[in-house]
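Open the model in your viewer and show the side chains. We will go from stop to stop.

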Amino acid sequence: MSVEKRVIIAGGRNFNPDKKNLELSYKLLKKLGDVSQITLISGCARGGDQIAIKLSETYGYNLVSHPVSKEDWEKYGGYAGHRRNKIMAEDGTTHLLAFW
């Protein structure tokens with residue numbers, strides 16, 4: 001019986017989620033197991049977070065999205081992104097793939 005891996009993919013807002021970085025990420029994820037065993041978690045921000053979305057669209061990974069809503073930005077201000085990151089980390093995460 002294999003255990004599901006839950007992988008946050010995140011990175012700097014200026015990181016380029018291009019084809020080269022998408023392929024590198026896919027190669028790294030393959031080391032964890034089959035696509036069916038892995039769920040990707042994304043904060044949905046521009047930059048590195050987009051890799052998870054593109055991997056899901058391209059290779060069929062399950063995706064859990066945690067965008068910061070307009071209401072959260074209004075309520076929490078600059079802390080909204082940090083709050084979202086904490087929620088993502090507590091979402092059963094087993095691995096982190098981070099780009100800077």
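## Stop one: a tyrosine on the inside

Select Y61. Its relative accessible area is 3%, so Y61 is buried, as buried means under 20%. Keep in mind that this is a predicted model.

## Stop two: ring against ring

The ring centres of Y26 and Y61 lie 6.4 Å apart. Their planes meet at 75°, so this pair is edge-to-face. Trace the chain between the two: Y26 sits in helix α1, while Y61 is in the loop between α2 and β3. They are 35 residues apart, and the pair links distant parts of the chain.

Keep Y26 and select Y59. Is this pair stacked or edge-to-face? The planes are at 5° and the centres 3.7 Å apart, so Y26 and Y59 are stacked. This pair also joins distant parts of the chain: helix α1 (residues 19–30) holds Y26, and helix α2 (residues 50–59) holds Y59. Here the separation is 33 residues. Y59 has 28% relative accessibility, so it counts as partly exposed.

Show Y26, Y59 and Y61 together. They form one aromatic cluster. Across the whole structure, a search finds 3 aromatic pairs.

## Stop three: the nonpolar core

Select V7, I9, L29, L40, L55 and Y61. These have the most contacts inside the largest nonpolar core, which has 15 residues. Colour β1 (5–11), α1, β2 (38–42), α2 and β4 (95–99): each supplies at least two residues of this core.

Finish on I9. Which residues is I9 in contact with, leaving aside neighbours within four places in sequence? Among them are L29, L40, L55, L97 and F99. S42, G48 and D49 are also in contact with I9.

Terms used: Residues numbered from 1 in each chain as written. Predicted model: local features only at pLDDT ≥ 70, side-chain atom pairs only at ≥ 80, totals over all residues. Heavy atoms only, no water. Phe/Tyr/Trp six-rings, centres within 6.5 Å; stacked < 30°, edge-to-face > 60°. Helix = DSSP H or I, 4+ residues; strand = E, 2+ residues; numbered from the N terminus. Buried < 20%, exposed > 50% of the residue type's maximum accessible area, 1.4 Å probe, protein only. Core = buried A, V, L, I, M, F, W, Y, C linked by side-chain atoms within 4.5 Å. Contact = heavy atoms within 4.5 Å.
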